[in-house]
Each structure stands twice: as structure tokens, then as C-alpha cells.
Amino acid sequence: MPPDDLNTRAANLRQQLARQLAAGGSLRSTEWRAAVEDVPRHEFLRAFYAENLDPGATAWTPISAELVGVGEWLSIAYSDQTLVTQFDGRPLDWSGPKPVSNANPTSSSTLPSLVVSMLEDLDVHDDMTVLELGTGTGYSTALLCHRLGDKNVTSVETDRDVADRARIALASCGYYPRLLTNDGQHGHAGPAPYDRTIATYGVRSVPSAWVEQTRPGGLIVTTLRGWMRSLGLVRLTVDGEGRAEGPFIAAEPHFMIARQQAAPTSMGMIPAPEEGKTRETRFGRELLSMPDSGFLAQIIMPNARHFTMQDDSGTDRTYILDAENESFAVLTDQGDGAWTVRQGGPCALWDDLEEAISLWHAADSPAPTGFGVTVTPGDQRVWLGSPDGPSWALPK
Ligand SMILES: C[S@@+](CC[C@H](N)C(=O)[O-])C[C@H]1O[C@@H](n2cnc3c(N)ncnc32)[C@H](O)[C@@H]1O
């Protein structure tokens, strides 16, 4: 396709994407609309993997202009999808790309509706400075540069290969923000304090550097997540004395976790049948997977994961194992809606979850947006309803 045709087609696709994002409610301001209409996402996505939407195991298909043709490549690059550019922390080999399955995406261009909705939530104004953590392909960095100017944008990426590719793509579009290759947990003190801080990967708790490097009254927008699931998006206001506070504003984003905080490979030891104390419980394993109670489970058991396995007698048992202190809970379906739990170790994981569920019911069972977070230099807590309400510590 001649370059002029490609540019015209890409510009049309950007207009179409902007209309779609505005109609869906994620794109809400003229400034961010102009950025979506101008920034060429395809320059950040010369080659990538798109998720197969067929039912069955998650798998990804390689996409580039050479593999699928220019028209198809462009239309996928401008679709509202997360497009993966790295698996398992290893550079992709584009000499003979094959479909990928059983792999863990470690870098991507996040779906545009989520990117712009987070940028809208960031509430930037002209001339503000922004610290972005997780440069990835550089697409969201380019949107920030379009809106605020290169000199006001600092972005940190932990993976050297990813960072190098982002730098090249940004320069090819004429954007030269301050780019650092480092663990974003340290932020970047150089031009701090920033007016706004935004992370495009999930963290188990808010790094103190982000609070210290955001100006008093400034905002931090980030996803909190754990080893079982994402908790959601929080927007915190910084007070300048090491404190930041604010609500969960969405339950949904499922960003990849900070590389340095990935769950340990081993889930822990399965407890022997005679270990622990058994009692009846009103709740079954669905508590762990339902959206709201699953959110509470992630808060109450930050170091735990669970799986279900049949024992020698053919009975399904759900094991909840704490990787840190070897506490465990084993749920067994006794039939007719009856369940038992066997618990052991220093923390009674299921007792703690049941207690949190009771408090949550007493507060009329709000969605995750009824919770918030307070960060202080020594402690971080998720609270229910208000900072004075019931609260639980986030992992250090
Ligand atoms: C979802 S992708 C970023 C999407 C990106 N903003 C875009 O528009 O393309 C998340 C990125 O965060 C990076 N990352 C993970 N942990 C990090 C850390 N501790 N510090 C900085 N970057 C990190 C990953 O390597 C990955 O590139």
C-alpha cells in the first residue's frame, strides 16, 4: 500500500476509534479526543500478538503487515483490544512467528478504552507534569506527550528491550519525553514533584516513592492487585506529608502485576489430611470467585492462592494456601449446599474472610467502589465505606 494511502487509512481508523471510545463513555474530553485522533497507534504496534477470541484455551495470533496484509494489520492496531508485545519477559522472535498459548503476557499496548479512561480519571490540565510507570509500547506515553508536551512527561519501564522499542517508536512520531529504564517502584526523583502519577501495571501496595514524588494535592491513579486477582483502580490524593488517600474508582482493570512482585512459582505445601481443625461453614468456594467476595478474599488473604483438586476418594477439595506463613484452609463440599473448612497455620484464613464478609453485609454489601485506600509512611489500609470504617492492611 503506498504510504499516502496507509496514512489516510490509519487517520480514518483513528477517527473511527475515537468515535467508538466517546460513544462508550471512556473518551470524555476534547483534548484527549484530539490525542486519540492524532497519535498513530500503529507506529507502536508494528508487530504484536492478538488474543484469539474462540472459546477454549487462551491463545494469541501473531500480527504484522507482512503476515496478514496492511489493511488487516491496521484495523487490528486500531481496534479496542489489548495487543501483546512480549510474553514471559523474553523478546519475541519475529523471524518465524507462531501462535502462542500457555504463556504469560508481560508487555502490551493496553486496550485504548482503558488507557483513555484512566487518562481522563487522571484529571490533567495544561502544563501539568506526569510520571508514568510502565512505558510498554509507548502509546500511552505518546498520548500524554500530545496532551502536555514532551518536557512534562516522564515514563519508566523496567524491561530494557521494551524500553528501547518504545523510545524508537516515540522518536519516529516526533515525541521525546524523559524515558528511564528502571524499576518503576522507585519512580524517578529527578524532576519531582509531579502533578500526576499514573501506573499501567498493577501493584500490591502503593510504592512510597510515588507518594513522595507527587506534589501535595496531586493525584496518583493506579491499579492495586494481588496474586489471586485485581482489586481495581484507585485514585489517591497526596497530602505532602507522606499520606495519600482515595476511593476505588473502578473494579475492572486487570493489569499485569509489577515484574518484581510476581507470585512465587510454588503455591506452597498441601497440608496433610490430619493437619488443622475442621468445622462447618455457611459459605463454599464460590466466595473466592464471585466479583465482590473475591475482592474481599484478595484483601483478607494477600499472600494466598487457591486451586481445586480431587483427593484419592474422588472428593473435590479447594486448597487455599498462604505462601508467606503456611496458613491454609481446605474447603470440602458435603452435598446439599453444606460445606466444611479445615484450617491450620498461624492465620485462620477462612475465619478472617467470614468476619470480613459479615462486616461487608452489615454495610449493605457495597461494590468495590464502596471501598478506598489510605497510605501513610508506615502502613497502607483498604477501608470499607470511609477511612474510619473497618480496614485491612495491604502487604508491605
Ligand atoms: C500493560 S503494559 C504498559 C502499557 C503501556 N502504557 C502502553 O500503552 O503500551 C505494562 C508495562 O509495565 C512494565 N512494568 C512491569 N513492572 C514494572 C516496573 N516495576 N517498573 C516499570 N515498568 C514495569 C511491563 O514491562 C510492561 O511493559
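This is a predicted model: local features need pLDDT of at least 70, side-chain atom pairs count only at pLDDT 80 or more; totals for chains, interfaces and linings use all residues.
1. **Aromatic pairs.** Eight aromatic pairs turn up in a search of the whole structure. Take phenylalanine 44 and tyrosine 139. Their ring centres are 6.1 Å apart. Their planes stand at 65 degrees, and planes over 60 degrees apart count as edge-to-face, so this pair is edge-to-face.

2. **What the pair connects.** The pair of phenylalanine 44 and tyrosine 139 links distant parts of the chain, 95 residues apart. Phenylalanine 44 lies in the loop between α2 (30–38) and β1 (47–51). Tyrosine 139 belongs to helix α6 (residues 139–148). The cut-off for buried is under 20%.

3. **Charge over tyrosine 139.** The charged end of arginine 41 sits over the tyrosine 139 ring, 5.7 Å from its centre.

4. **Other aromatic sites.** One aromatic cluster is formed by Tyr49, Trp60, Phe87 and Trp94. Elsewhere, arginine 204 places its charged end over the ring of tryptophan 227. The distance to that ring's centre is 3.8 Å.

5. **Helix α6.** How much of α6 is buried? Nine of its ten residues are, so the helix is largely enclosed by the rest of the structure. The buried residues are Tyr139, Ser140, Thr141, Ala142, Leu143, Leu144, Cys145, Arg147 and Leu148. Note that Arg147 is on this list. Glycine 149 follows α6. Its phi is positive, near 95 degrees.

6. **Helix α5.** This helix spans residues 112–121. It is mostly covered, with ten of its ten residues buried. Among them are Pro112, Leu114, Val115, Val116, Met118 and Leu119. The buried set also includes Glu120 and Asp121. Just after α5, aspartate 123 takes a positive phi of about 55 degrees.

7. **Serine 117.** Serine 117 sits in α5. Its relative accessibility is 18%, and it counts as buried. The limit is under 20%. Which residues does it touch, leaving aside neighbours within four places in sequence? Serine 117 is in contact with Ser26 and Arg28.

8. **Packing of α1 and α4.** Helix α1 (residues 3–24) packs with helix α4 (residues 70–77) at an angle of about 30 degrees. Their axes are 10 Å apart. Angles under 35 degrees count as roughly parallel, and α1 and α4 are therefore roughly parallel to each other. Their crossing is right-handed. On the α1 side, Leu6, Arg9, Ala10 and Leu13 take part. They meet Val70, Gly71, Trp73, Leu74 and Ser75 in α4.

9. **Packing of α10 and α11.** Helix α10 (residues 291–300) and helix α11 (residues 349–362) pack at about 130 degrees, with axes 10 Å apart. How are they oriented? The two helices are oblique to each other. α10 passes α11 in a right-handed crossing. In α10, the residues in contact are Asp292, Ser293, Leu296, Ala297 and Ile300. Their partners in α11 are Leu349, Asp352, Leu353, Ala356, Ile357 and Trp360.

How values were computed. Residues are numbered from 1 along each chain as its sequence is written. Side-chain values use heavy atoms; hydrogens and water are left out. Rings of Phe, Tyr and Trp (its six-membered ring) pair if their centres lie within 6.5 Å; planes under 30 degrees apart count as stacked, over 60 as edge-to-face and the rest as tilted. Helices (H or I, at least four residues) and strands (E, at least two) are DSSP runs, numbered from the N terminus. A charge sits over a ring if NZ of Lys or CZ of Arg is within 6 Å of the ring centre and within 35 degrees of the ring normal. Axes are lines fitted to C-alpha atoms, for helices over the stretch in contact, and angles run from 0 to 180 degrees between N-to-C directions. Angles under 35 degrees count as roughly parallel, over 145 as roughly antiparallel, 65 to 115 as roughly perpendicular and the rest as oblique. A crossing is left-handed if the near helix is turned anticlockwise from the far one by less than a right angle, and right-handed if clockwise. Contact means heavy atoms within 4.5 Å. Buried means under 20% relative accessible area, exposed over 50%, partly exposed in between (1.4 Å probe, protein chains only).
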